[in-house]
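Here are my notes on the helices, as promised. Have a look at the model first, then read on.

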Amino acid sequence: MQILTKITEIQAACKQLRIENKSIALVPTMGFLHEGHLSLIRLAKKEADIVVVTRFVNPAQFAPGEDLDAYPNDAEHDYKVTKEAGADLLFEPLSSSMYGENHATWVEVPEMAKFLCGKTRPTHFRGVCTVVTKLFNIIAPDVAVFGEKDWQQITLIRRMVQDLNIPVRIVGGALIREDDGLAMSSRNAYLTKEERSLAPHIRKALLLLDEKVKAGEKSASVLTDIFQKYIAKNIPMASIDYMSVVHPDSLESVENIEDKTLIAVAVNVGKARLLDNILL
Ligand code: AMP
């Protein structure tokens with residue numbers, strides 16, 4: 001596996017691959033890789049001849065006061081596991097090369113960015129869409145793989161790709177969990193031992209809601225109430241950022257559960273903001 005840091009180098013490498021008629025799959029990450037990321041690399045491997053992984057903590061998607069400076073990092077570990085998972089190229093640009101001093105262009109999907117995470121992180125998806133567009137322009141992949149853990153993110157990216165006619169196929173990878181059900185996340189590293197032992201209750205709460213729906217419950221407000229009470233009882237130090245019952249494609253809230261409904265949550269536990277979701 002080749003590790004490249006310069007935009008011109010990765011552009012040249014990808015250009016050469018295209019001349020050789022090789023298809024390219026892109027897996028963007030912020031590093032501190034876990035099984036969730038690796039599952040995407042393995043999936044990418046099935047989708048194209050060459051897998052390019054990017055490792056870039058994108059400052060544009062962090063607001064002032066968020067965890068940009070504290071974001072966990074372990075380069076050696078990432079190099080080892082990326083290679084083992086089958087990546088061919090690893091691109092890790094400097095922040096200064098991705099965002100020049102005069103950077104002034106942003107890509108936004110405001111209608112969809114205002115829901116869920118966008119309520120407390122209003123500039124987050126503008127940063128995500130901008131960096132993903134830049135990576136698409138630099139690498140020109142045939143396929144890009146994103147995790148369904150970040151449901152809103154992949155939904156926005158699908159919309160952006162369609163609206164801007166970006167010639168890339170978006171593939172979603174299933175949410176990968178720890179054995180006790182906690183959704184894998186680089187931010188789980190922020191949890192204390194006690195917080196880590198209670199965090200799987202987020203998944204348990206979602207499974208409880210799924211059971212309620214299967215037993216006939218149709219009301220989003222009743223489900224919200226059950227979720228809030230369950231979390232208050234089982235993770236006393238948690239604060240719920242949001243628990244939203246939405247249409248999985250439009251992300252608009254629904255009051256009555258229909259065939260295709262998504263429950264998405266973000267729960268702050270100590271220093272970690274934990275996301276999870278369940279498709280009912
Ligand atoms: P991140 O490094 O957190 O920006 O994530 C990079 C990619 O990995 C994104 O497409 C995420 O949705 C995906 N991802 C992160 N955690 C998981 C997980 N537990 N299961 C599946 N995909 C994940």
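1. A word on terms before the details: contact means heavy atoms within 4.5 Å. Keep in mind, too, that this is a predicted model.

2. Let's start with the helix 10 and helix 11 pair. On the helix 10 side, H201, I202, K204, A205, L206, L208, L209, K212 and V213 do the touching, and their partners in helix 11 are L223, I226, F227, Y230, I231 and N234. Sorted by type, the residues of this contact come out as 11 nonpolar, 2 polar and 2 charged.

3. Next, helix 2, residues 35-47. Its 13 residues reach 18 Å from the first C-alpha to the last, close to the 18 Å expected at 1.5 Å a residue. Which of its residues are buried? They are G36, H37, L38, S39, L40, I41 and A44. The cover over these buried residues includes strand 2 (24-29), strand 3 (50-55), helix 3 (75-85), strand 5 (143-147) and strand 6 (169-173).

4. Last, helix 8, residues 151-163. Helix 8 has 13 residues and spans 18 Å between its end C-alphas, close to the 18 Å expected. Its buried residues are W151, Q152, Q153, I154, T155, L156, I157, M160 and V161. After helix 8 comes N165, with a positive phi near 55°.

Definitions and conventions
Residues numbered from 1 in each chain as written. Predicted model: local features only at pLDDT ≥ 70, side-chain atom pairs only at ≥ 80, totals over all residues. Heavy atoms only, no water. Helix = DSSP H or I, 4+ residues; strand = E, 2+ residues; numbered from the N terminus. Expected span 1.5 Å × (residues − 1). Buried < 20%, exposed > 50% of the residue type's maximum accessible area, 1.4 Å probe, protein only. Nonpolar A, V, L, I, M, F, W, Y, C, P; charged D, E, K, R; others polar.
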